[in-house]
Amino acid sequence: MDPALFVRRNTAIAAPPLVPEICLHLATEVTPIWQATEESLTRSGLPPPFWAFAWVGGQALARYLLDHPEQVAGRSVLDFGAGSGLVGIAAAKAGAACVLAVEIDHFAAAAIAANSVLNGVEVAVTTADFIDSAGPHWEVITAGDVCYERPMAGRVTGWLRTRARCGSLVLLGDPGRAYLPAEGLCERASYLVPTSRDLEDRETRDGVVWEVLPR
């Protein structure tokens, strides 16, 4: 199955409610992905299409970067767990010198490539696993909605804190997920984000942008 073709055939172009400046290939009420069940996706050998939704934490991060371009302008940006590429695209629009989106799902990688072209920006994509990796130094690291599972949240936040100790500005977007760390964060901004009851347990959620502190 060609991931790029799958993205085009199973999504519609839409703008996230908090970030109308950016259009993405997303699941909507009329697209096949929206109507597919988790069971039917599994039978087809497809991973859950997290990339097909603009999650609250990512929308908050993207809004923050567009409203505060000085945070990324002229700087190198790594967008971890990039999903649709929304945050990386916002960073590029805000004037980042270069943006690398990290996403291990190959369908998400195809979506990021398509969404970057759609918005007229350059965002490189890698499917390598960056967690626990030192890698090159990135001046800014962003991560949206990565605290939804305990093992994943522990690994990611530990790695992000290490990157902060190495001098990166680390920004985490989160709507109050269960495994968000209780300490070591400094609030940068908060937004009321419209969402869907098909994705969340309410029609709006508070999307908070946190700075991950070195210690």
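Predicted model: local features only at pLDDT ≥ 70, side-chain atom pairs only at ≥ 80, totals over all residues.
**Notebook: helix 1 and onward**

I started at helix 1 (residues 3–10) and found Phe6, Val7 and Asn10 buried. Buried here means under 20% relative accessible area, exposed over 50%, and partly exposed in between, with a 1.4 Å probe and protein chains only. These three cover an arc of only 100° around the axis, so they sit on the same side of helix 1. The arc is taken from the directions that run from the helix axis to the C-beta atoms.

Residues are numbered from 1 along each chain as its sequence is written, and side-chain values use heavy atoms, with hydrogens and water left out.

**Helix 1, continued**

I turned to the face directed away from the buried side and found the exposed residues Arg8 and Arg9 there. What do the buried residues of helix 1 pack against? I get strand 2 (24–26), helix 2 (32–35) and helix 6 (106–118). Contact means heavy atoms within 4.5 Å. Helices (H or I, at least four residues) and strands (E, at least two) are DSSP runs, numbered from the N terminus.

I also checked the start of helix 1, where a side-chain oxygen of Asp2 comes to within 3.2 Å of the backbone nitrogen of Ala4.

**Aromatics**

I searched the whole structure for aromatic pairs and got six. Phe6 and Trp51 have ring centres 6.5 Å apart and planes at 70°, so I log that pair as edge-to-face. The pair links distant parts of the chain, with Phe6 in helix 1 and Trp51 in the loop between helix 3 (38–43) and helix 4, 45 residues apart. The cut-offs: rings of Phe, Tyr and Trp (its six-membered ring) pair if their centres lie within 6.5 Å, and planes under 30 degrees apart count as stacked, over 60 as edge-to-face and the rest as tilted.

Are the two partners buried or exposed? Phe6 is buried at 13% relative accessible area, and Trp51 is buried too, at 3%. I also noted one aromatic cluster made of Phe50, Phe53, Trp55 and Tyr148.

**Gln71**

Where does Gln71 lie? I found Gln71 in the loop between helix 4 (56–67) and strand 3 (76–80). Gln71 is buried, at a relative accessible area of 14%. Its side chain makes a polar contact with the side chain of Arg188, at 3.0 Å. A polar contact is a pair of N or O atoms within 3.5 Å; within protein, one must be able to donate a hydrogen and the other to accept it, and residues adjacent in sequence count only if both atoms are side-chain atoms. Setting aside residues up to four places away in sequence, I listed Tyr64, Val140, Leu169 and Arg188 as what Gln71 touches.

Most residues other than glycine have a negative phi. I place Asp145 in the loop between strand 6 (140–144) and helix 7 (150–165), and at 9% relative accessibility Asp145 counts as buried.

Thr157 is in helix 7 and is buried, at 13% relative accessible area. Leaving aside neighbours within four places in sequence, I find Thr157 in contact with Cys147 and Pro181.

I looked up Ala124 in strand 5 (residues 124–126). Ala124 is partly exposed, at 39% relative accessible area, and touches Val99, Leu100 and Ala101, not counting residues up to four places away in sequence. Ala124 and Gly88 are 36 residues apart in sequence and 9.2 Å apart in space, C-alpha to C-alpha.

His106 belongs to helix 6 and counts as exposed at 51% relative accessibility. I list Pro3 and Thr127 as its contacts, leaving aside neighbours within four places in sequence.

**Whole protein**

I count seven helices and nine strands in the protein. The radius of gyration is 16 Å, close to the 17 Å that the globule rule gives for 215 residues, so the protein is as compact as a globular protein of that length. That radius is taken over C-alpha atoms, and the globule rule is 2.2 Å times the number of residues to the power 0.38. Buried residues make up 52% of the 215.
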